Each structure stands twice: as C-alpha cells, then as structure tokens.
Amino acid sequence: MAETVTQHPALTMPASAGADLLRVQGLSLAMPGADGPVTVVQELDLAVRAGETVALVGESGSGKSVTALAITRLLDDTGGRITAGRIDFTTRDGARLDLVALDDAAMRRLRGAEIGMVFQEPMTSLNPVMRVDEQIAEAIRLHRGMDDAAALAEAKRLLDRVRVADAPRQLQRFPFELSGGMRQRVMIALAISCRPRLLIADEPTTALDVTVQAQVLRLLRELQAEYGMGLLFITHDMGVVAEIADRVAVLQRGRCVEQNETAALFAAPSHAYTRMLLDAVPMLGALADEALPRSFAKDSLPQDTVTPGAAPVLEVRGIATRFPVRRGLRLRGRVHAVEQVSFAVRPGETLGLVGESGCGKSTTGRSIVRLELPDEGQVLLEGTDISRPSGADLARLHREIQVVFQDPYAALNPRLTLGYSIAEPIRTHGLAKGDAIEARVRSLLADVGLPAEFAQRYPHELSGGQRQRVCIARALASEPKLIIADEAVAALDVSIRAQVVNLLMDLQRRHRLAMLFISHDMAVVERVSHRVAVMYLGQIVEIGPRQAVMQTPQHAYTQRLLAAVPIPDPARRRALPPVAEGEVPSPMRRLEDAPIVAPLVRVGPDHFVARHSVGGLY
Amino acid sequence: MSDTIRTPFGEFWRRFKRQRVALVAGGLIVLVILAAIAAPLIAPYAPAEPDYNSILEGPSAAHFLGTDAYGRDVLSRIIWGAQVSLTVGFLSVALGLLVGVALGLVSGFLGGWVDSILMRLMDVLLAFPGIVLAIGVVAVLGPGIDNVIYAIAVFSVPVFARLVRGSALALKQSLYVQAARTIGVRAPALMLRHILPGCLPAVIVYASLRLGTSILTAASLSFIGLGARPPSPEWGAMLADGRSYLGVADHLTLFPGIAIFLVVLAFNLLGDGLRDALDQKLRT
C-alpha cells in the first residue's frame with residue numbers, strides 16, 4: 001500500500017528540478033446523481049511544476065472544483081468517486097505517490113503538510129468557535145511538531161507575512177469578527193503554515209471585492225515566489241487568469257478542451273469554446289474610445305437611445321437611508337447605508353451605479369422602490385414626488401419601476417408557474433383581462449427569447465440564464481419606464497452574462513427603457529452605461545458620462561477601483577500591480593458622529609466629483 | 001430537462017414514494033378510515049348490543065377479539081370506535097390548524113404589536129401541559145365528545161400559530177416576496193399567494209403528527225371519564241371499562257390499546273415521511 005511505497009527506495013523516483021510536482025493522468029470522476037453516478041470529469045491530464053501557476057478555468061458545472069477535491073481526496077467525503085486515472089505527486093523527500101491509491105492516514109499526512117488548500121468562502125473553512133491564532137497554531141503543531149509557544153510565535157509571523165494589519169490583535173479574534181479579505185488572508189496563512197509544496201486555491205477571490213481581490217492575488221504571487229510552491233488556481237474569471245497564471249487548462253463539461261501557456265492561449269485560442277469564453281469576457285477599456293455603450297453582440301451598434309434634454313424618468317434628491325444599530329434597548333449607532341445621494345435617469349439612459357460591497361448601491365435601489373424606507377430626501381417619478389406616496393402613487397411606482405434581482409432563482413416563487421409569475425404584475429395592475437393576459441405572457445416570453453411553453457413550467461426546471469430571462473420578462477410585464485438591475489448578471493456564467501446584457505440593451509432600444517444598473521463589475525458597467533456613478537461609504541463620490549469617469553477618473557477611490565480590475569490580457573499584466581493596502585471602513589457610526597457629506601464639484605461637462613476637505617485630490 | 005412538467009406536487013410525490021415506511025403507515029391509515037366509514041357493513045355485530053350469553057369471552061371464531069362484560073363484540077366496537085377516534089382527531093386538528101395558521105400568518109406578516117400580543121397569548125396557552133389544559137376546558141364546558149374536540153383544538157392552536165409565524169417571518173424576507181412587493185402585490189395576496197403556500201409543508205407534516213397526539217389525548221380524556229360517554233365505543237372509554245377486568249379478561253384492554261397504538265404510530269410515521277419528502281433543507 002501507500003505506506004510501503006514511501007518505505008521502499010526502489011519504488012521511489014528522485015524528483016529532479018523542474019519535474020512535475022503534480023501530474024494528473026486520465027483522471028475521470030463520478031458524482032452520485034438522481035439516476036446513478038454521473039461522470040463529471042473525463043480523462044483529464046494536468047501537470048503542475050514547482051513554482052508554476054496553473055489555472056483551471058471553466059464555467060459552473062465544468063468540473064473544476066471536483067478536480068481539486070479529487071486531488072486532495074476530499075472527494076471521498078462528498079460521495080464522489082475516482083473512476084479512472086492516476087494523480088502522481090512528488091513529496092518533499094522525493095517520493096512519488098499515486099494519490100488515487102493512497103489510504104486515508106497517508107493522505108491526511110499529505111494534506112496541509114505537502115498540499116495546502118484555500119477555498120472560496122473562508123468563513124466556512126475556518127472553525128467559527130476557535131480563535132484565529134489557535135487555528136493556525138494547531139496546524140503548525142500537528143504538522144511541524146512545534147510546541148505551543150513556538151507555534152503561536154510562528155502563527156504571528158505568518159499573519160504578518162500575509163499582511164494582516166495589526167496581527168497581535170487580529171490573532172485574538174474569532175473568524176466572524178474579521179472582514180472577508182482578512183479571513184481569506186488568515187486562510188492563506190493557514191494553508192502556507194506548513195510550507196506546502198502545492199497550493200490548491202479554489203476560487204479564492206471570487207467572494208471578495210475587486211480591490212481586496214487585487215491584494216490577495218498579489219499576496220499569492222509573492223508567497224509562491226518566496227516558497228517556490230506549485231499553485232493550482234481554480235477560477236471562472238479570465239481576468240484573474242491573465243493576471244496570475246503561467247499555464248491554463250480550460251474545462252468544458254468535465255473535459256479539458258485546451259491547455260496552453262497563458263500568453264499563447266489568450267493570443268490564439270485554438271478551441272471554439274475557449275474563443276467563446278474569451279469573447280464573452282468583458283474587458284475594461286474595450287469602449288475607451290467610444291462615448292456610447294455597445295452590447296457584446298457581434299455587429300452591435302452604439303446604444304444611442306437617449307434624447308438630449310429629455311426630462312428625467314427618475315430623480316433622486318438627497319436620499320439617506322440609515323439602519324439603527326441597537327444593543328439591548330439602547331440605540332448605539334447607525335449604519336449610514338445611503339447618505340445624501342442624488343442623481344437622475346433619463347428615458348433610454350442607463351446609469352451605472354458601481355462600488356464595492358457595503359457601499360450602499362443596492363440600498364439605494366431598494367430605497368427607490370421602497371423596500372427600504374429612506375429617512376430623508378425625495379424620489380421623483382416623472383416629476384412627481386413619491387417620497388410620501390398615496391395609494392395611487394404607490395401603484396404607479398410599482399408599475400413604472402421594476403427590479404431585476406441578482407439571484408433569479410430566489411426571486412421567483414418556486415411554487416408558482418413561470419406564467420403566473422409573469423402575469424402577476426399584469427393582474428395586480430389590471431393591465432389586461434382574460435385571454436389577453438395569456439397572450440401578453442406569450443409575447444413577453446418571446447421578447448426575452450424563451451418558448452411560450454415555459455409559461456407552464458416551474459422555476460426549478462430552468463437554468464440560471466433562463467430564469468433571469470423570466471425575471472426580465474416579468475419586469476417588462478407592466479411596461480415600466482425604468483428597470484433597476486441590482487447585480488442582475490453577477491450570478492451568471494460569463495457566456496450567459498453577455499447574452500443577458502445584450503438582451504437588456506436590446507430591450508432598452510426597443511422600449512426606450514431607462515435603467516439603473518447596479519453592479520460591482522466595472523467591465524460590464526462600461527458596456528451598458530451611458531453615465532456612471534461611483535459610490536463609496538454610502539455617498540456618490542464621482543458621477544458623470546461613462547467615458548469621462550472611466551477614462552479620466554478624478555476621485556482617488558474611482559482610480560483605485562479601476563486599477564484593481566483584472567484585465568483579461570496577459571500582455572498587459574503588471575509586474576506586481578500597484579495595490580493600495582487597507583480596506584473600506586465600516587459605514588457604521590456612533591450616534592453623535594454624523595458623516596461629512598462632501599459636496600460634488602464640476603470637473604468636466606456633466607462630470608462631478610466629491611471634494612473632501614481632507615485627503616484626496618478632490 | 002424533461003418534457004413533462006414537474007409540478008411541485010409531482011416533485012413531492014416522487015420523493016414521498018421512496019419513503020417505504022411512511023407509505024405503509026399511510027396505507028394503514030387509509031384502511032382504518034375505510035373501515036370506519038364502512039363500519040355498518042363490515043362490523044359483525046352491533047356495537048352496543050349486549051349478549052348476556054357470552055360475557056367476557058376470549059377470542060373465538062364467533063368473536064375474533066372476544067366480548068366484554070355485557071357480551072358486546074370487541075372487534076365491532078373497535079371498528080365503530082374508529083369513527084369516533086378519527087372524527088375527534090380530524091376535527092380537532094382541523095379546527096386548531098385553521099385558527100392557528102390564520103393567527104400565525106397574520107402575526108408573522110404584520111409583526112409589531114399585533115405579533116407581540118398574539119404570541120404572548122400563545123405563550124400563555126403553551127405554558128399549560130396539553131392534557132391539563134384539555135381537562136380544564138372540558139371541566140368548564142362539561143364532558144362530552146364535542147367538548148373534547150374543542151379542548152384539543154385549543155391546545156393545537158398555539159403550536160400551529162408558532163410554526164406558521166416562524167415560516168412567515170422567514171418567507172417575508174425572501175427575495176421572491178420582496179420581488180412581489182416591488183411589483184405592487186397587495187398584502188392579502190402576498191400572504192395567501194406567496195407566503196402561505198410556503199408554510200404549508202411544515203403545517204402538513206405537523207398536522208399529521210398532531211393527529212396522532214389528538215387521538216391519544218381524546219382517548220386519555222375518555223379514559224378518565226371526561227370524553228365519550230358510555231355506551232359509546234370510543235377506544236379510550238373501552239380501555240377504561242376493561243381496566244376492571246385486568247387479569248380476568250386482558251383482551252378488553254389489549255385490543256383497544258393496540259388499535260390506539262397502531263393508529264397513533266401510523267400518523268407519526270406518516271408525518272416523518274412527509275417531512276423527509278417536503279423538507280426544503282433535505283433537497284439537493
């Protein structure tokens with residue numbers, strides 16, 4: 001068995017420099033399905049050398065995460081099985097082991113010590129009831145045989161290494177007390193605590209904000225160079241791939257369709273699927289020379305849908321939405337989610353509202369449709385103030401403004417047919433009667449490119465992209481003037497994302513829809529927006545025409561945000577991206593500590609920037 | 001994706017079919033219900049007809065389950081008794097369910113002081129042990145099978161109300177309810193069309209478990225003389241009658257006991273199976 005392999009020198013091969021650290025050959029994996037096992041990975045070949053980064057890329061369901069689970073043999077716990085192939089791994093002392101044949105005990109000794117892992121959601125990978133220092137020290141004690149004091153000292157050194165600010169204090173905390181970025185750093189510290197030779201990172205930056213993502217990517221590259229680790233990096237994001245990988249393997253439905261050096265793959269993708277993936281990836285700066293947005297469609301025209309001088313559909317004047325924070329019965333402070341936000345959207349225009357998580361962009365959208373009730377300010381719908389709405393105002397608001405949410409599955413009632421869901425706004429507002437409703441549902445389905453039979457189906461039968469189309473059809477049902485798309489494409493795979501963006505823009509063209517496009521994805525925002533507003537800590541810090549804001553950003557935060565976006569072009573990879581450290585502070589403030597709202601000053605035609613009294617250019 | 005439309009009920013049935021134990025339990029319950037309905041046709045003797053020639057006889061070919069102190073056929077009484085027990089069970093649970101679900105739905109959806117007042121009331125009801133509360137209600141209303149139904153319903157109300165309030169609170173925050181709000185769907189439609197159906201799986205499971213408890217409670221009340229009056233063949237009352245002949249004619253307590261046991265067990269197993277088939281968390 002595996003034990004004997006390590007003990008018999010005759011069976012081991014010396015690991016020469018540059019030899020494969022990990023070599024996967026003909027790997028096939030099966031997962032249990034409703035009707036027996038389903039093959040999820042087929043005959044995969046893959047190699048990672050020491051000091052090399054190999055990216056495993058694919059859309060959801062392509063089998064990239066199961067592959068990571070198979071290599072660490074954690075697959076066994078999920079009910080999955082390795083049905084064929086071998087996974088050769090060269091250990092520190094030069095032994096070459098087939099991980100497929102290794103027993104549990106031997107595998108356990110390899111995990112952590114030789115193969116480190118970092119997962120997407122650090123909160124679920126960290127023990128919630130154990131302080132951070134104890135968790136890292138435990139791993140060090142177990143694998144490196146240090147005593148308690150030495151292990152704790154090493155844990156502190158590691159946290160310093162992954163640049164956790166104020167490490168001594170952070171060490172004493174529980175995982176839930178840390179921000180997402182900090183947690184991921186702790187996770188990385190934990191993974192490298194035993195100097196693994198191979199680090200497997202499964203979407204380690206997907207749950208992070210773009211500026212934090214840039215920090216974590218840089219950290220991973222530095223650590224890899226320092227320790228000479230092999231890095232197997234799993235991601236769906238071509239931008240991240242270009243930023244970090246030496247070689248790329250593209251997976252499609254469990255098959256590796258293409259494998260190449262990163263530069264070569266991006267320059268000349270040989271497989272149609274790779275080409276499609278690359279085409280679908282929005283590249284920030286693609287529309288740098290154009291004033292108007294343009295969809296991803298092949299022969300797309302500039303989205304010239306705004307009439308100059310038209311009265312705005314929606315005007316928001318100084319709204320503020322704050323959430324009370326109580327301890328016991330006492331009011332301790334407020335989260336200033338939205339603070340003095342003003343903007344207007346004209347017919348046919350798309351205003352992109354961008355910012356990182358917690359900046360208040362979604363709350364702004366929710367405040368407009370009164371899912372949250374703003375504390376101050378006015379919302380004007382075609383000139384009428386609806387901040388203190390009458391019943392008729394409310395009905396008009398709910399008819400004229402529709403929302404498309406991020407998660408299309410959760411946004412549809414699972415117990416109602418899609419037809420019912422789409423017809424609901426029509427019935428609620430009495431826009432049609434009897435057979436006319438059904439006809440309208442059919443035409444709405446056709447509008448979003450779905451067959452009429454879908455009216456009888458239920459949400460669970462559809463794919464994510466189809467469900468989002470249904471949500472869009474539903475939003476169109478009441479013939480609204482404005483659609484608020486709240487991260488509407490964020491949960492979709494890149495290829496589907498491009499299709500849905502194209503659909504939204506096509507519908508805008510046909511119905512002269514105004515859109516408030518809330519997103520954290522700068523590249524998509526560049527594609528769809530006529531104008532862009534950047535939010536930071538509940539306030540708009542910069543607003544103006546898309547080209548002006550993206551090409552000549554004036555506010556320091558806008559510049560930082562744009563600089564952090566990974567560019568899917570390895571030729572433009574920066575040696576080490578100049579990343580500002582530090583994270584966005586919390587928008588929660590004590591009662592007496594009201595935030596200072598910086599006034600917006602004009603810096604160009606229709607282009608305004610917040611002028612801060614301290615720090616920053618403006 | 002298949003061509004057949006997969007309705008929520010179809011999905012439920014697909015999963016429920018795999019619950020062998022629950023299917024058997026459900027089958028048993030259907031049999032008992034059919035027997036109760038067909039009692040005049042299938043019971044070999046009239047339930048209250050004394051036969052002084054065969055008193056306290058053990059099981060025989062003439063009387064499969066023996067006879068009691070008045071020579072009445074135990075099997076016939078158990079079959080007729082199923083009518084009483086099931087009626088009490090279903091009616092009391094239905095009554096408790098209707099009131100409890102309505103209160104819970106309103107409480108969870110409206111929140112605020114309505115919620116506080118309703119839930120404190122439910123807490124008061126829950127603070128009494130169920131059987132004590134039922135005895136109290138029957139003591140006030142007077143003994144009799146009708147009053148047993150009300151008594152059991154009263155202590156079923158708070159559990160249903162709490163259950164539904166919890167689900168309603170969670171569903172109120174769900175994205176699809178928020179989405180319906182942004183469309184302008186009004187409160188009654190939101191409650192009945194979007195929130196209530198989401199609460200129903202839990203209610204159905206609990207109702208099934210509750211049926212067993214209610215039948216047991218009705219039997220207990222009859223056993224202590226607060227429920228069905230003689231000569232009603234209620235199972236709890238039969239147990240009480242048979243108590244005097246323990247050691248002389250054990251079948252008088254054994255067979256009604258088995259009937260109660262089987263029916264209560266069947267409802268509990270059915271409830272467990274329904275939970276496994278309906279529980280969102282167990283779905284993949």
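Q: What puts two residues in contact here?
A: Two residues are in contact if their C-beta atoms, placed from the backbone, lie within 7 Å. This is a predicted model, where local features need pLDDT of at least 70 and side-chain atom pairs count only at pLDDT 80 or more, while totals for chains, interfaces and linings use all residues. Residues are numbered from 1 along each chain as its sequence is written, and chains are lettered from A and ligands numbered from 1 in the order in which they are written.

Q: OK, which residues does Asp88(A) touch?
A: Leaving out residues up to four places away in sequence, Asp88(A) touches Arg23(A), Arg96(A) and Asp98(A).

Q: How many residues apart in sequence are Asp88(A) and Arg23(A)?
A: They are 65 residues apart in sequence, yet 5.0 Å apart in space, C-alpha to C-alpha.

Q: And where does Asp88(A) lie?
A: In strand E4 (residues 81-90) of chain A. Helices (H or I, at least four residues) and strands (E, at least two) are DSSP runs, numbered from the N terminus.

Q: Why is Asp88(A) called partly exposed?
A: Because 17 other C-beta atoms lie within 10 Å. A residue is buried at 20 or more other C-beta atoms within 10 Å of its own, exposed at 12 or fewer, and partly exposed in between, with C-beta atoms placed from the backbone.

Q: Switching to helix H13 of chain A: how many of its residues are buried?
A: Eight of the eight residues in H13 (361-368) are buried, including Lys361(A) and Arg366(A).

Q: What follows H13(A)?
A: Arg370(A), whose phi is positive, near 65°.

Q: How many residues are in contact between chains A and B?
A: 23 residues of chain A are in contact with 19 residues of chain B. H14(A) gives the largest share of chain A's side, four residues.
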